[in-house]
Every structure is written in structure tokens, then in C-alpha cells.
Amino acid sequence: MAVVQTTAARPSQGSAENDLVSPQFEGGVLTLLITAFHGGVVFSDLDGSFKDHLYLKRTQPFPLPVGYGLVANRARSGLPYGNTSARVSSSSINLQSSRSHMGPPPLPPQQSHIGQLVYMTSLGVVSVHIDFNKIAGVDKNSGGPNQVRSVMEQAMLYGPVADNPFSFRFSSNVNAGNLMIAAKQLSEEAISSNSKLVQRQLGLSTHLADRASRLQWLITFINENEVLNRLNVSLRTTLAKDAEKVAAAQGVWAWYDGSSSGSAPIPVTSLPLRVVEKSQNILLQAVEIYQKEAESGGGVWSRSRRRSGLQAGGMIRGPDSPVTDLESTVGEDDDIAGSPGDREPPDDEGETNGTGYVDPVRLFFRSKLEEIGALIPCSMKVVKNVVGSYEKTKAWPDVRTQAGRLALVLLDSASAFRRRHLSTYGLDPDKPHEIPWTADPRILEACTYIFEECSRVTGDGMLTAEVKEIMQGLATVICEGYREQLVTARQRVAAGIDWPAVQSKFGSVRRRIWSILVQHRAESHAFKLAEEYTDHRALIDLSYQVSTKTRKPYGPNNNAVDKQSLTKKLNYYADLFKDQFSFELYHWWIEHQMASEIFKEPTQKQAIVD
């Protein structure tokens, strides 16, 4: 081991981090204990709260320690030589030490003492730079959380590097509070594209993949250190949510850019959406609406935002935009970029493409990814504005299908990630802590509206293959969203969730969308969903509806049915669901003044009738 002594600036006793004035520093002696062992080095400030370590990976062959020494590092410290020296003592046989002349105590925070430790192993040399002033500045309040964060941040940054020689792990029984603070901060910084944690890549696909990798390494590190159970379920839910949103962004961008995606199946269209005219680009128009509502203070998302505005300069809405006459417009003199202090400079190469024009879509994915769910309600507003005008509908006929595809890709990508990785976060999908963000009522209402609008593309006629696929996909995600709401309502009764209201809402919505599917000759998917949710009432309604010539809901003005087809359907479900279906069918007949049908039942069902 070695002991290093040098002068360093420590915070004075009367200094506090939350003072209105800058913290006061005073000179002092720092004694740093450096211990090398078979597998790493441990650092400890004998007079303060700093403790840190470097562990080497357990490779084959294992790197054996040869020696280490502290050397001068004048070029990096930028300090003149002074009369104060750092004294190095050792009890290690292999120690290679040198007397390092250090500068006098600087006036913080303009200058700092930086030393360099050379640690030699049988496989190579590791150079460690030591900032003595930062070590001296560690106090008992911030030292714990900062040390935990430092280890986790290193794991996120350097864990993916193949030739990284270090193994990142906690040295002792880590404090749960410090762990939770660090995990929450790092997840937030990854999803908000903090430049210290996420590389500002030129390509957005690479940039999003980097953010996903950081979050993946974060949860991997927590699991490898066996400390997942020290995070409460609320924080684990938040970490999973952040990762899901990055996966959703990857899927949406892949669809928008016309590239492939590993998150969810995305059909290949004739042209990538990014090359479509701005006035007919659903993602661009949805981002613009989000931007305007965020700047006006209204917004479709009620939660607070870290920064306001999406624009680095100049209007991003083109003169031919179909959303220019929405009520929530921004005046020409309004500062839609927010105050200068709130702005985050965009990556010029990534967002402006060298032309000075800010690409709002790229900027949204870089700086507002946590709000990606808001794109679905915003796209609904685009559809409402376009279909409300004959001229706009004629100019943009596929606005409904674009909006439907956007919602489907976004939600499918997030759900696919959830199915694969939720257990990694120690979460049970059948015991949710909160309503999943993909099942937010605003998202489901927007999806339902877009679904109904898609059904109007061809009136009562046959749907095209693309529209049919979109409608079936939306029907699935809508039903799944309401199911997740019901599961959460059962688990969170004390939270005030109205389970009967959610159940009633789900029942009415699903039967309406299944009926629309039958009407447009997509009955196979409607029956599949009704069977999956064991909705006997809906199965009876759909059986009668599909047996009519018009394929509209059965009623007084639409009661001509194909008896043979109807009987076959009803008998199939009676055999599948047994008495429960039969009881529901009898109630249905009574409500529709068809009680006589009950007495036409076969003899083997007479006991049920009685």
C-alpha cells in the first residue's frame, strides 16, 4: 500500500452547498491511502469521506499486479511547480514510487491538483488521474450518492466497450437510498440525452441505440450486483418506463426513416415518411402541435417538462401546413424557443443538416423523448383538423392511415420491449404498480378516434389490406390498454381508481370497435378478440351481426339473418363456453323479445332452460 500526502483545498466548516454565496475553501492536508491487491486498487481519504476503487475483470489469464507509482503530471494539471511536495510511502515490495512535486493550494474552483497513478499488471499498464481537490471536496452528505453514481455511470459508459479491463461493481453493502437516487438520475439523463452520458451521434438511429444501450447496461449492472431488490417498485417501474419509451422512439424513427427495426415489425411502404411533403407528414405535424401546446402552456400532457420549446431558432412550421388554423396557434412575435437559459443547443449536423433549418422531428427525439406518448393525441388533432375540411381531406387522403400507423408502431414497439424485458426489472405484468403509460386514457381515446376514422376511408365497403391491418392492430392495442387499466384498478383499489367505471368503459368501447370490424369484413379478428376476453354478450351480438346481409348491428330494422350460419355460430360457442354462454344467450333472447327461441333448444339443454 502507499500513503500520499499533499495540500488541497477543503470546504470550510461554515460553508454549505445551498448557501447563496459560493462555498468557501481553506487549505489543508489530504492523506490518500492507496491499496493495491490481487485484482484492483482501493483509494481512501484518511481525513475525509472519499472512498473509491478500481477492480480488474477476471479474465484468463488473470492480470497479476506488478507495481504502481505516483508520478508528476504537470501537463494535465496546468499548475506551476511549487515548494510543497507529495510524500509517498509504501509497504509494498513491488512499489515503484517517485517524489512528485505538487503546486501550492490553488484558489478553487479555477485550478486543481491532478496526480497520475500508474498501475502495472502482467497484461498491461493502467494510468489513473487523481484530482486531489475533488477528493478533498467530498463531504459526508454528497459522498455516498456521488460514489454510487460514479460506479454506475462508469458501468453504463464503459461496460459495452469490449477491451475495457475493469469490472464495475460495488465494493461493499451499498446504501439503498444512495442507489435509488443514482439510478433515477442516470435513467433521466439517458432518456433526456445528457451529453455527458449519451454521445451526440450524427445519425439519430445510432443516437437512439446508444441511449437504449445505456439504459440496458444500467439495469444489467444493478442485476449483476444483486441489488435490484433494494429499489422500490415505483422506481423500477420508472426505469422500465424510460427504457420502453426509448424502444418506442426507435420503432417510430425506423418507420419514419424507412429503415428496419428490431423492436417491432414495421411494414415497408413505398416511400419513407421523412421524404413525404411536410404538409402531409403526420409525424412532423404532430410534433408541431406538441411544440405549440407546450409553448402556450396548455399542452396535451399535464406533467411538468424539464425544458420548454423544441426550436433553436426560426419557425419550424411551413406555410403550407394544414394545422395553421388550429385554435392553439403561436403568434409571430412569440418566443417559441423559450428563454435563452432554457434552450439546449441542437446538434447542428444532426438537426440542421448544415442548412440552418432545424429539423423538429430529430430535435423532438433528442430532447423530448420522455413525451413520446403525446404524439398519439397530437396526431389525433391533426386528423380532426384535416377531416373537418373537404379541401384538406382531398389534398391529404391518407392522413387517417398515417396517424393509425404512427400509433400502432409506437405502441407495438413499447409493448414488444415490455414483453421481453419486464422481468429484468423485477416487475410482474399481472401486478402493476401504476397504469402503464401506453394505457394512458388520453392515448386510448386518441387510438379509438383514429380507429373509427380509418373505418370511414371506404365507407361501408371493403377495406384495403393496409387499412384493415391498421384497424386490427389498433383494436388489439386498445383492448390491451383497457385490460391493463382493469388489472391496475384491481391492484390499486386504495389509490382511488374506479374499477366499475373502467370496466363499463372497456365493455362499451371494445364492443363498438369489434362491431366496426365485422361491418368491414374483418370479423375473424373481432371474434378472436371477443373469445380472448371471454365476452359472451359480444360474441352473441357479433354472431347475429355477421349473419345479416348488411353486416350492421342486429335490430328492428336489420333483423333478416342467415339462420343456418347463425345457428352454426351459436352452437360452436355453446360447445366452447358451455352453460355460461347459454345463460347469456337466453338473456339476450329475452331482451330482444325472442323468448320463444329458448324452447326450441335441444333436449339435452332442457335442464338449463328449466
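Arg-483 is partly exposed in this predicted model, with a relative accessible area of 27%. Arg-483 forms a salt bridge with Glu-480, and the closest N and O atoms of the two are 2.7 Å apart. Glu-480 also counts as partly exposed, at 26% relative accessibility. Further points on charged pairs, aromatic rings, a cavity, cysteines and backbone geometry follow.

**Salt bridges**

- The count of salt bridges comes to 20.
- Side chains of opposite charge can pair when their charged atoms come close.
- Glu-480 and Arg-483 are three residues apart within helix α14, a spacing of about one turn of the helix.
- A network of salt bridges with shared partners joins Arg-149, Glu-153 and Glu-189.
- Arg-405 forms a salt bridge with Glu-469, with 3.3 Å between the closest N and O atoms.
- This pair ties together parts that are 64 residues apart in sequence, because Arg-405 lies in helix α12 (residues 399–421) and Glu-469 in helix α14 (residues 465–491).
- The two partners fall into separate accessibility classes: Arg-405 counts as buried at 5% relative accessibility, whereas Glu-469 is partly exposed with a relative accessible area of 37%.
- Asp-359 and Arg-362 also form a salt bridge, their closest N and O atoms being 3.3 Å apart.
- Asp-359 counts as buried at 13% relative accessibility, and Arg-362 is likewise buried, with a relative accessible area of 16%.

**Aromatic pairs**

- The whole structure contains 16 aromatic pairs according to the search.
- The ring centres of Tyr-290 and Phe-364 lie 5.4 Å apart and the ring planes meet at 85°, so this pair is edge-to-face.
- Tyr-290 belongs to helix α7 (residues 282–296) and Phe-364 to helix α9 (residues 360–367); the pair links distant parts of the chain, 74 residues apart.
- Both Tyr-290 and Phe-364 are buried.
- Phe-364 and Phe-365 form another edge-to-face pair, because their ring centres are 5.9 Å apart and their planes stand at 90°.
- Phe-364 has a relative accessible area of 1% and is therefore buried, and Phe-365 counts as buried at 1% relative accessibility.
- Ring pairs link Phe-364 and Phe-365 with Trp-253, Tyr-256 and Tyr-290 in a cluster.

**Second largest cavity**

- Four cavities of 30 Å³ or more are found in a search of the whole structure.
- The second largest cavity holds about 60 Å³ of space.
- Its lining consists of Asp-52, His-53, Leu-54, Tyr-55, Val-151, Gln-154, Phe-166, Ser-167, Phe-168 and Arg-169.
- At least two lining residues of the second largest cavity come from each of β4 (51–56), α3 (140–158) and β10 (166–167).
- Strand β4 supplies the largest share of this lining, with four residues.
- By residue type, the lining of the second largest cavity divides into five nonpolar, three polar and two charged residues.

**Cysteines**

- A disulfide is a covalent bond between the sulfur atoms of two cysteines.
- In this model the disulfide count is zero.
- Cys-454 counts as buried at 0% relative accessibility, and Cys-479 is buried with a relative accessible area of 0%.

**Positive phi angles in loops**

- Thr-534 has a positive phi of about 45° although it is not a glycine.
- Thr-534 is located in the loop between α16 (523–532) and α17 (536–546), and at 45% relative accessibility Thr-534 counts as partly exposed.
- Lys-578, a residue other than glycine, also has a positive phi, with a value near 60°.
- Lys-578 lies in the loop between α18 (563–577) and α19 (579–591).
- Lys-578 counts as exposed, because its relative accessibility is 53%.

Terms used
Residues numbered from 1 in each chain as written. Predicted model: local features only at pLDDT ≥ 70, side-chain atom pairs only at ≥ 80, totals over all residues. Heavy atoms only, no water. 1 Å grid on protein atoms, 1.4 Å probe; cavity = no way out; pocket = protein on both sides within 12 Å on 5 of 7 lines; lining within 4 Å. Points joined across faces, edges and corners; volume = space filled by probe spheres on them. Nonpolar A, V, L, I, M, F, W, Y, C, P; charged D, E, K, R; others polar. Salt bridge = Lys/Arg side-chain N within 4 Å of Asp/Glu carboxyl O. Buried < 20%, exposed > 50% of the residue type's maximum accessible area, 1.4 Å probe, protein only. Disulfide = S-S within 2.5 Å. Phe/Tyr/Trp six-rings, centres within 6.5 Å; stacked < 30°, edge-to-face > 60°.
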